[in-house]
Amino acid sequence: MPASIADYALAGDGKTCAPIARTGSVDFLCWPRFDSGVCFAALLGDDSHGHWRLAPEGFVTGTTRRYRGDTLALETEFTTEHGAVRVIDFMPRDDLPGSALIRIVEGIGGTVRMDGTIRLRFDDGDMPPWPQQRGA
């Protein structure tokens, strides 16, 4: 189930944007532009509609968030019983036709095992990808 809308912060580049939940999940994204199809749509349904989660495994004892200076670079700090980690999310602005969502993990202290789950869904979350291996 998606978070409350109050639990989201925004990363954007002027071409598109990604609401990022306090839990470390990108739950909606039209990519590479606002008028493109949706590849993550959990915000409209549930996790099965696509999301990209990057957060500590297990129980999180505390979470703080802030934007870096006057930017849309979002810093989320997670604290666990074994340590602390920072996830930095941003979408660089440039003159290229595409778009990129950059997610950086920085260890702050201790040892924190991370969970990285990406579940792409197309057609507003209705169509899962069908990967095929070609060549070897």
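## A first word to know

Two residues are in contact here when heavy atoms of theirs lie within 4.5 Å. Keep that idea at hand as you explore this model, which is a predicted one.

## The chain as a whole

Let us start with the overall picture.

Along the principal axes, the C-alpha atoms fill a box of roughly 40 × 35 × 35 Å. Of the 136 residues, 38% count as buried. Now take the contacts between residues at least 6 apart in sequence: 47% of them join residues at least 24 apart.

## An open sheet of four strands

In which order do the four strands of the open sheet stand? The order is β7-β8-β9-β10, and the pairing is antiparallel. β7 (62–67) and β10 stand at the edges with a single partner strand each, so one side of each has no neighbour in the sheet. On average, neighbouring strands of this sheet are turned by 15° against each other, direction ignored. As a general point, strands of a sheet pair through backbone hydrogen bonds, either parallel or antiparallel.

Next, follow the pairs through the sheet. β7 and β8 run antiparallel and are joined by six bridges; in one of these pairings, Tyr67 has Leu74 in β8 as its bridge partner. The two strands form a hairpin with six residues between them, and Gly69 in the turn has a positive phi of about 55°. Strand β8 (residues 74–80) is also antiparallel to strand β9 (residues 83–90), with seven bridges between them. Here Thr79 stands opposite Ala84 in β9, while Thr80 has Gly83 in β9 as its bridge partner. The hairpin of β8 and β9 has two residues between its strands. β8 is mostly covered, with six of its seven residues buried.

As a rule, in soluble globular proteins nonpolar side chains tend to be buried together. The largest nonpolar core in this model has 12 residues in all, among them Ala9, Ala18, Ile20, Val26, Phe40, Trp52, Leu74 and Leu101. At least two residues of this core come from each of β1 (8–12), β2 (17–21) and β5 (38–40). There is also a second, separate core of five residues, including Leu54, Ala55, Phe78 and Val85.

Leaving aside neighbours within four places in sequence, Ala9 is in contact with Ala18, Pro19, Ile20, Arg65, Tyr67 and Leu74.

Is Val26 buried or exposed? Val26 counts as buried, because its relative accessibility is 0% and buried means under 20%. This residue is found in strand β3 (residues 25–26). Beyond its neighbours within four places in sequence, Val26 is in contact with Ala18, Pro19, Ile20, Phe40, His51, Trp52, Leu101 and Arg103. Val26 and Leu43 are 17 residues apart along the chain, and their C-alpha atoms are separated by 8.7 Å.

## Arg103, a partner of Val26

Arg103, one of the contacts of Val26, is found in strand β10 (residues 102–110). Its relative accessible area is 13%, which is under 20%, so Arg103 counts as buried.

What does the side chain of Arg103 reach at 3.0 Å? The answer is the backbone oxygen of Gly24. Another polar contact, of 2.5 Å, joins the side chains of Arg103 and Asp89. Setting aside neighbours within four places in sequence, Arg103 is in contact with Ile20, Gly24, Val26, Trp52, Arg53, Leu54, Val87, Ile88 and Asp89.

## A cis bond in a loop

The peptide bond that joins Trp31 and Pro32 is cis, with omega at about 15°. Pro32 lies in the loop between β4 (29–30) and β5.

Notes. Residues numbered from 1 in each chain as written. Predicted model: local features only at pLDDT ≥ 70, side-chain atom pairs only at ≥ 80, totals over all residues. Heavy atoms only, no water. Buried < 20%, exposed > 50% of the residue type's maximum accessible area, 1.4 Å probe, protein only. Polar contact = N/O pair within 3.5 Å; in protein donor to acceptor, adjacent residues only side chain to side chain. Pairing = 2+ DSSP bridges. Axes fitted to C-alpha atoms, helices over the stretch in contact; angles between N-to-C directions. Core = buried A, V, L, I, M, F, W, Y, C linked by side-chain atoms within 4.5 Å.
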